[in-house]
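Please view the sequence and the structure together before reading the points below.

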Amino acid sequence: MSTVTSLSDGGSIWFDAMEGLDGAEEFFLDTPPLEAGTADGQIPVFDGQSNSHDPEEASDTDEEDEGARRSLAVGERRVLAGAQQVIHRTSLPSGPVADEGSLFAVFKKNVGKDLASVAFPVTFNEPLTLLQRAAEEVEYYDLLSEASQSQDPVEQTFEIPQLRFISEKVSHHPVVMAYHAEGEGWELYATSSGKTKFWGKSLEIIPLGANNVKIGTDHYQWTKPSSFMRNLMMGTKYLEHTVEFRESGYWGVPNQVYGAVYSPAGEIETTLEGKWDEVFARKLGPNHLQVLWRMAPFPKNTLELYGFTTWGITLNEITADLGGKLPPTDSRYRPDVRALEEGNLDRAEAEKERLEELQRVRRRQGKDREPQWFRREGDEWVYAGGYWEQRVKGWKAVESLW
């Protein structure tokens, strides 16, 4: 459970749940009299800073304890595998060792086109495959575990899970991936594909495919919004999502978002608010909020590690408990990605070109691999079963993909 700390934004103070309480954190908002310059009805919330009770004398120990608590809340720094304790890494062997090169040189002939068939140099990549990036979405799996134990449908809040997770590329042209995760009382599956278009100064990312979560007898389905990567040629690059954000006034809080949960009859059951890059809460009353999600802290040197989260850093590692259990097709065995992770650009580029040529040869010979763990149902790909059972039995020797 959480320790008692406060989150303050120049007036409103938020306190973590006391020891011994179960469930999500709840806060009672102590609202001081409005000061000059503060708009009526605007409540500054969620500044994301963790302070001691004296905001001017926050101790390093308190900050470290709070950071460790949040990291452990999402999970996997230390995992018990049977009697063996697995300690995941907290850094990468190397950060980027070269710049991205000229984006303009690659994009200038492809304005308005789908970029799926464009070959990019290895320096444009990060040391994760698309299949591994799908696993980035399961970082906050604990939220679905909490939702599966709730009897109140309003409390079944969402952020993708991870206990058993498998992803597979089910189509090469166009690129389509499918992934499946499951835990006690819930199941998640998704078909993921998309289009990208270059518009001169920005890159449009258009997700395709449905996302599904089943919690008990309830089935939730949604599609992801389009995004734009801005400032491709110069300046600081950033993503802009095509969802509705409330405009921030002069005294407003940036990145603030709001939402509502509706009943089948169309009536609002509860409202949600927070910041999309820090914390999200359910409003229980005028001054009473229940925190549903809080972003785990980034590693201190994340800008030197491709901007990966603590979770993302672990996705390409092979820990001792995985020895002999991964299939030979696992993404963690890709030599080009491994070389890029280690900062060896020459080897990474050579391996990338070699693997792409092997794929072309297989397709010319009609030997392109069929999906093994997913089957198509209409427009969706669903898990066909068998992976975890085969994992226990062990993997037969197959022709290496790499």
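The points below are grouped by topic.

The structure is a predicted model. The protein chain contains eight helices and 20 strands. Of its 402 residues, 38% count as buried.

**The chain as a whole**

- The accessible surface of the protein chain comes to about 23300 Å², and carbon and sulfur atoms account for 51% of that surface.
- Among contacts between residues at least 6 apart in sequence, 50% join residues at least 24 apart.

**Nonpolar cores**

- In soluble globular proteins, nonpolar side chains tend to be buried together.
- The largest nonpolar core of this model has 25 residues. Leu92, Phe165, Tyr179, Ile215 and Phe308 are the residues with the most contacts inside that core.
- Two or more residues of this core come from each of the following elements: H4, E8, strand E9 (186-198), strand E11 (211-215), helix H5 (310-313) and helix H6 (335-341).
- Strand E9 gives the largest share of this core, namely three residues.
- A second, separate core has ten residues, including Val170, Ala178, Trp381 and Tyr383.

- Strand E7 spans residues 164-171 and is mostly covered, with six of its eight residues buried.
- Strand E8 (residues 176-183) runs antiparallel to E7, and seven bridges join the two.
- E7 and E8 form a hairpin, with four residues between the strands.
- Within this pairing, Glu168 stands opposite Ala178 in E8.
- Ser167 is found in strand E7. Not counting residues up to four places away in sequence, Ser167 touches Leu131, Ala178, Tyr179 and Phe374.
- Ser167 lies 22 residues from Tyr189 in sequence, and the C-alpha atoms of these two residues are 9.5 Å apart in space.

**Aromatic pairs**

- The structure holds eight aromatic pairs. In one of them, the ring centres of Tyr140 and Trp293 are 5.7 Å apart and the ring planes stand at 80°, so the pair is edge-to-face.
- Tyr140 lies in the loop between H3 and helix H4 (142-148), while Trp293 lies in strand E18 (residues 288-294), so the pair ties together parts that are 153 residues apart in sequence.
- Both partners are buried: Tyr140 has a relative accessible area of 9%, and Trp293 has one of 14%.
- Trp373 and Tyr387 form another pair, with ring centres 5.3 Å apart and planes at 90°, so this pair is also edge-to-face.
- Trp373 lies in the loop between H7 and strand E19 (374-377), and Tyr387 lies in helix H8 (residues 387-393). The two residues are 14 residues apart, and their pair links distant parts of the chain.
- Trp373 is buried at a relative accessible area of 12%, and Tyr387 is buried at 8%.
- Ring pairs link Trp373, Tyr387, Trp388 and Trp395 into a cluster.

**Helix H3 and Gln132**

- Gln132 has its place in helix H3, which covers residues 130-134.
- Gln132 counts as buried because its relative accessibility is 7%, and the cut-off for buried residues is under 20%.
- Leaving out residues up to four places away in sequence, Gln132 touches Leu315, Asn316, Ser331 and Arg332.

**Helix H7 and the annotated region**

- In UniProt, an unreviewed entry carries the annotation "coiled-coil region" for residues 338-368.
- In the model, the chain over residues 338-368 is 77% helix and 0% strand. The end C-alpha atoms of this stretch are 24 Å apart.
- Arg354 has its place in helix H7 (residues 345-364).
- With a relative accessible area of 36%, Arg354 is partly exposed, because that category lies between the cut-offs of 20% and 50%.
- Arg354 is in contact with Pro335 and Trp402, leaving aside its neighbours within four places in sequence.
- Arg354 and Asp336 are 18 residues apart in sequence, with a C-alpha to C-alpha distance of 9.2 Å.

Conventions:
Residues numbered from 1 in each chain as written. Predicted model: local features only at pLDDT ≥ 70, side-chain atom pairs only at ≥ 80, totals over all residues. Heavy atoms only, no water. UniProt positions renumbered as here; feature names shortened; annotations may be inferred. Buried < 20%, exposed > 50% of the residue type's maximum accessible area, 1.4 Å probe, protein only. Pairing = 2+ DSSP bridges. Contact = heavy atoms within 4.5 Å. Areas by Shrake-Rupley, 256 points an atom, 1.4 Å probe, with all protein chains shown as cover. Phe/Tyr/Trp six-rings, centres within 6.5 Å; stacked < 30°, edge-to-face > 60°. Core = buried A, V, L, I, M, F, W, Y, C linked by side-chain atoms within 4.5 Å.
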